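Please look at the sequence and the fold below before reading on.

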Amino acid sequence: MFFDYYYLILVVPAILFALWAQSQVNSAFNQYSKVRTLRGLTGAQAAEAVLRAHGIYDVQIQHIAGNLTDHFDPRDKVIRLSDNVFHNDSVAAVGVAAHEAGHAVQYAEGYGPIKLRNAIIPITQIGSTLTWPLLVIGLILSAPSLIYLGIAFFGCSTVFQAVTLPVEFNASNRALAALESGGMLSQEEMPGARKTLRAAALTYVAALAVSIAQLLRLLLLFGGRRDD
């Protein structure tokens, strides 16, 4: 019976790391969602303040249902903030909202890594669809070329995760700088925002770790095959 040791020693630890990272996000957000800001600024107001500070007036801010479903949609130029962020005046809500506004600033200023990430999204989407069918067909037909193509497509997803890291870290840095320079959070409140955003960034590190582990597993399992 086949036993995938590579999955056990590579992928499982990465998945456990990802689960731990997600727990850190939930813990930090829950902790600082209970700490109200001295200025009483809500997440929506914080996002708007960050946009205005950078001269951005064509981005809307909308409410979206869910928990931590916050995101910036560059196609519609909309920042969508979740239930616990939009109307909430907590340190965590302000930090998360400012982070999403940071993404809007990246697009407005033509930040290089976010352009690169957008450029490889179509390839990544195709790759995520074709990776496993190519691997299965390649194994059935004993066609290493199809297997390698499937691995290459999966590698595109890993590259996407790697490019995402500087994008997310930069958005957080922009958010923290805007919150501090704009006086939206006091010096006592800033550490809570930093902890919340750093915990969120850790999930992207974990996602990259899982992707790298899976890519290494595929290379170790199938990388030695040769065409007849």
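Is D58 buried, partly exposed or exposed? The model is a predicted one, and in it D58 has a relative accessibility of 46%. Buried means under 20% and exposed means over 50%, so D58 counts as partly exposed.

The side chain of D58 forms a salt bridge with that of K77, with 2.7 Å from N to O. This pair links distant parts of the chain: D58 is in the loop between α2 and β1 (60–63), while K77 is in the loop between β2 (71–73) and β3, 19 residues apart. K77 is also partly exposed, because its relative accessibility is 38%.

How many salt bridges does a search of the whole structure find? The search finds 10. Another of them joins the side chains of D4 and R217, at 2.5 Å from N to O. Here D4 belongs to the segment before α1 and R217 to helix α7, and the two are 213 residues apart. Both of these residues are buried.

In a further salt bridge, the side chains of E180 and R194 meet at 3.8 Å, N to O. E180 is in helix α6 and R194 in helix α7, so this pair ties together parts that lie 14 residues apart in sequence. E180 has a relative accessible area of 36% and is therefore partly exposed. R194, at 24% relative accessibility, counts as partly exposed too. There is also a network, in which salt bridges that share partners join D73, R75, D76 and R80.

The largest nonpolar core contains 34 residues, and I79, L81 and L179 have the most contacts inside it. Which elements give two or more residues to this core? They are α1, α2 (43–53), β3 (78–81), α3 (83–86), α4 (91–109), α6 (144–181) and α7 (190–222). The largest share, 10 residues, comes from α4.

Leaving aside neighbours within four places in sequence, L179 is in contact with V94, G95, A98, M184, L185, M190 and A193. Another core lies apart from the largest one; it has 7 residues, including L135, I147, I151 and F222.

Two single residues show different surroundings. T124 is found in helix α5 (residues 112–140). Its relative accessible area is 13%, so T124 is buried. A polar atom of the T124 side chain lies 2.8 Å from the backbone oxygen of I120.

F169 is found in helix α6. With a relative accessible area of 38%, F169 is partly exposed. Leaving out residues up to four places away in sequence, F169 touches A201 and V205. F169 and Q106 are 63 residues apart in sequence, and their C-alpha atoms are 12 Å apart in space.

The last stop is the surface. Which residues make a nonpolar surface patch of about 450 Å²? The patch is made by F3, Y5, L8 and I9. F3 is found in the segment before α1 (5–32). F3 counts as partly exposed because its relative accessibility is 44%.

Note on methods: Residues numbered from 1 in each chain as written. Predicted model: local features only at pLDDT ≥ 70, side-chain atom pairs only at ≥ 80, totals over all residues. Heavy atoms only, no water. Patch = residues over 30% accessible without salt bridge, like charges linked within 9 Å, V, L, I, M, F, W, Y side chains within 5 Å. Areas by Shrake-Rupley, 256 points an atom, 1.4 Å probe, with all protein chains shown as cover. Salt bridge = Lys/Arg side-chain N within 4 Å of Asp/Glu carboxyl O. Helix = DSSP H or I, 4+ residues; strand = E, 2+ residues; numbered from the N terminus. Buried < 20%, exposed > 50% of the residue type's maximum accessible area, 1.4 Å probe, protein only. Core = buried A, V, L, I, M, F, W, Y, C linked by side-chain atoms within 4.5 Å. Contact = heavy atoms within 4.5 Å. Polar contact = N/O pair within 3.5 Å; in protein donor to acceptor, adjacent residues only side chain to side chain.
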